[in-house]
Structure formats: structure tokens, C-alpha cells
Amino acid sequence: MPIVLENLGHTYQVGSPFQATAIQNISLTIADGELLALIGHTGSGKSTLAQHLNALLTPTTGRVLLDGQDINLSDASKKAARFHVGLVFQYPEHQLFEETVIKDIGFGPRNMGLSQDEIDARVQDAMDMVGLPYDEIGHKSPFELSGGQMRRVALAGVLAMRPRILVLDEPTAGLDPHARDFLLQDVKRLHSEGTTVVMVSHSMDDVARLATRVVVLERGELAMSGPPREIFSQVERLTAMGLDVPAVSQLAHGLRAEGLEIPNCYLMEEMVDALERLLKGGAPDVA
Amino acid sequence: MAGPFHLQLDHVTYQYEQGGKTAVKDMSLAIPRGQFVALLGHNGSGKSTVAKLLNGLFTPTVGTVQVSGMDTADPKFVWEIRRRAGMVFQNPDNQIVATQVRDDVAFGLENIGVPSAEMPERIERALSDVNMLEFADRAPHLLSGGQKQRIAIAGILAMEPEALILDEATAMLDPSGRKDVLETVRRLNTEKQITVVWITHFMQEATQADRVIVMHEGSAVMDGTPREVFAQADMIRGYRLDVPPMTKLAETLRSRGIALSGDILSVDDMIGEVRRLAHRA
């Protein structure tokens, strides 16, 4: 039951002097169980695309299909899409507002019209999923927490709606290294437990660690799509687009330019093995 | 009266209100003029408090802070210290006050009473120092995050400061915006000998500094060149930070018996070292 984008396009403020096309001609199928990373320069349309996945934005051209149904057919279909597809915005902690962590996380399930018992169970589950201790912080104000914890409260608020598809816009932006690792572990676990994840990110090292597929947007159009190994091997093309490349890919590219025999790799473990072979084992290729 | 040090903390403790959290504990620190210092630490380690102590936004509960020999707790120095030690914050959108870039840069000058005849020249010089002169008549809210941060820096430069304190100024920027802002500040540091205190969560940015200071629980726990500090990977991790990816790779290779020499911080360092070893093998 994938998400299918059919020739999707979005133009902001049509007919006004500020008319601007953010994305166009995007056809993409997001399969169940993927962890798809959406990368691109600022202004390439990543966030606009992400906001179509749960009908927050309505396409100006093309369609978004969920389980074969156009999600923008009616208000009811839009609302249904929002329960199936959970969107976590950039800096979601700016949107926390309730008096307690428990109430904040329960906001979505309450809107779904669930019973109080069901809401309580879901809030507990969601807090477990992101590693927030229910008894210790559940009754605190979200504003007393650290930045990393606030980010996880916001994530739990979306998870409590039990979405099948989770869309994360820059989930680690502004977090310290420890909080970032913690959050990425959450994402990795949710994915391994069956949630389809779409992650918008500038952090190529995060993308390299997690993604099963990378989609690159350039000036609102789909420029590249493929497994991370294939995408990150194109160091020069990505750099020309103003994008970062994982440090390991940069190293592999640089070493090959030196005439050394290093396979195309992007993960730290692969590079360790490759360098071990080169420097200890077989005959190095000395020019 | 200005001692050898430009920015100086002498046994400083800072407590948020009576009985509140002690954010900085008996910390002493001396930064010479023209040094580029990266200040690292996990959230809550006290680094933002130090930033605010350095330009007199906060005054110490115990101890003294001096900027060019001026005590930040002495009310008569307040404006002079803020002019000399300018601060850039994390969120570019919270730092914009005007509808035109030029007016935004003028804001600080008006505050310190610069005669209006002098303003245009200072504004244009400051904008040209951050490579934003061509945007002088544009609306700041339509610029990218990196451009907005460079406008914020220009607003400080127009006041002819001696130090720049940047509190996670790149945290909300994309990779190219981060690179632009860091390059701009690095250049101002070399060309104008402006002292820089650069607070960041990006370890790779800290490798560009002259000196790295790591804070933990309100104290400076590590202090040295980037190579010295990042060579102690286990200690860094103990303070809930990380080492740059290439330093991590070097560490793993050493643990597998590959004798990499030197302290590796960047991809270029690693390429050089692998080339040396491969051609010797």
C-alpha cells in the first residue's frame, strides 16, 4: 500500500505577483517499508513535497495516491490521510503548547475521537517508543525539558496517532550530537518495526546511516533517485548542486583520484574494511 | 589597562536567580586578542551562559569578567562592552528588525549614537565585509538563512567590534549557508584580527578553530588545539560530544593495527596519510 505521486506540482500564490513554482513533474512511488531520504539544496522543494504526503498542501497539478485512492478528493479523505501519514515539522518543539507532556502527546489521539483509555495507552506507548520516561516527565510541562527531549515529545505526539507512514522534516536540526544519535536510533527502530519513513535532511552522514533510498530534488524537480551507494558515488554531481556528501564518500572519491584501489563505499564500516585490505593485505596499486 | 588577554573570566560562577541552576562554576578562561576559539559542550553544559557573560548580557554571581580590561559588572562600561563584543544568535529570523537590509544594519549604529552622516559609509563597508553589499536594498525576510546571519554579522561589524561571539549561529542553516557564515567569520578573524568565540554542535566546524574548549557541567574540561582535543576521542565522548568522522575512522583503523600517524581531522588529512602508507607498503 504505497504512496504514489503522479506528476505532482505545486505553485504558490497562483495569479499573484508572488507566484512561485516550488515543485513540478514529480512522479515517485514510496513503497511500504522504505526509509526514503529526501535531499536537495534549500529552496529545492523538499518541504513542499513533504507537506503533500499528508494532504497539508493540495497539489496544483497531479495527484497523491494512498492505497490507490486520491487523498485530496474530499475533506474526509484528507483527514484520513493525516491519520495514516504522520508529519513532523522542522523544529516541531516550537509547536508544543499543552500544560503537560501527557496532554501534548494526547492531542492528536483526542482529535481522532478515541476513548480516554485508548488515548492513555497510546501516549504511554509513544513515550516508550522515543525513550521518554512516563512517570518521571509525563506530568511536567514540556517547556521544562531539554531541547532533545522536547523534540522527542513532538515526535511522540505524531506517533501516538499510530501513522503507517512517518514524514520527518529535518529531524536532527539544531540538536547536540548526543540528542541527535538518540533521535536517529528512534527513527531506525520505528523503521525496523515496520513504519515507512520519509526523512528530509541536510545531514548526509545521517542519511548514509539510515536511508534505503535517496531521492534528490533540484529546483523543484526530481533529479536523482536510487540506493545511497549509487547516489553518493556521484560526488561531483552532488557537490555541483551545492549538497554535502558523506565524509566516507568524499574520502573514497579522493583516494580513487589518487589512483588507489578503493571500492565505491559510503559507510564507515565498509571504508574500514577497504582500508584494512589496502594497507595490510593485498598488493596496493602503486602508480 | 588592557592586559594581554582580550576576553577574560576569572573564577566566574553564574547562578540563574537565587537557589536556581548554577550554569557556570568557578570557571577561569583567558582569550588573547585575535584568537578563534570554538566552544563545545552538550546542551545545558553552560556554553551559552559563557557567551552571554562575555558581552555583559549576564554579569557573574561570583568572580569577574573583563573585556579589554573593562569589568562587565561595572555599569559605566555596559554599552562600550556590547559594542566591542558583538553577539550573533541561533535563529536568523529573531535578529531582523527592519524591512530593508540597509536599515537593519543601521539599527545598532543608531543605538550607539553614530552621527547619521557617518552611517552610509559604515553600513556599506560592513555589508561589503560579509559580501552582501548587493543586497543592501532588499527585504531581509526574503533572504536565505545564511544570508540573514551574514546581515546580522554586518550589523555588528558596522559598530567596529573587537570580538564576535556566535552562539550556534549555524545551527539552523543548510550546509552551504553554514559554510558561507563560517568562511566569512574566519576571514574577518584573519583580516581584522577580530577575536571569535564560536559555539557549535558541529565538530567539523570546530576543527577550523585555533583553539577548542569543551565545557561540561559549567566548567571548561578540555582546552587545546583541535588536534590535541579531538585526539582524546574517549574523553570527548564522555562529555556527550563526538569526534569528526575522519578522526573516528582513524581511531578504528589504529585499533585494527594500522599505524596511522598524526592527528587526523579532515578528509584531506586522511587522504595524505593513506597515500603515504600505501606507497610505502
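Please keep in mind that the model is predicted.

I will start with the helix pair in chain A. Helix α6 of chain A covers residues 147-159 and helix α7 of chain A covers residues 177-192. Their axes are 9 Å apart, at an angle of about 20 degrees. Angles under 35 degrees count as roughly parallel, and α6(A) and α7(A) are therefore roughly parallel to each other. Their crossing is right-handed. On the α6(A) side the residues are A:Gly147, A:Gly148, A:Arg151, A:Arg152 and A:Leu155, and they meet A:Ala179, A:Phe182, A:Leu183 and A:Asp186 of α7(A). By class, that contact has four nonpolar, two polar and three charged residues.

Next, the contact between the chains. Chain A puts in 33 residues and chain B 29 residues. On the side of chain A that touches chain B, the elements giving two or more residues are α6, α7, α11 (247-257) and α12 (268-279). Of these, α12(A) gives the most, with seven residues.

In soluble globular proteins, nonpolar side chains tend to be buried together. Here the largest nonpolar core has 165 residues, and A:Leu38 and B:Trp198 have the most contacts inside it. The largest share of this core comes from α6(A), with seven residues.

So what does B:Trp198 touch, leaving out residues up to four places away in sequence? Its partners are B:Phe36, B:Val37, B:Ala38, B:Leu39, B:Leu166, B:Val185, B:Glu205 and B:Ala209.

Key. Residues numbered from 1 in each chain as written. Chains lettered and ligands numbered in written order. Predicted model: local features only at pLDDT ≥ 70, side-chain atom pairs only at ≥ 80, totals over all residues. Axes fitted to C-alpha atoms, helices over the stretch in contact; angles between N-to-C directions. Helix = DSSP H or I, 4+ residues; strand = E, 2+ residues; numbered from the N terminus. Parallel < 35°, antiparallel > 145°, perpendicular 65-115°, else oblique. Left-handed = near helix turned anticlockwise from the far one by under 90°. Contact = placed C-beta atoms within 7 Å. Nonpolar A, V, L, I, M, F, W, Y, C, P; charged D, E, K, R; others polar. Core = buried A, V, L, I, M, F, W, Y, C linked by C-beta atoms within 7 Å. Buried ≥ 20, exposed ≤ 12 C-beta atoms within 10 Å, placed from the backbone.
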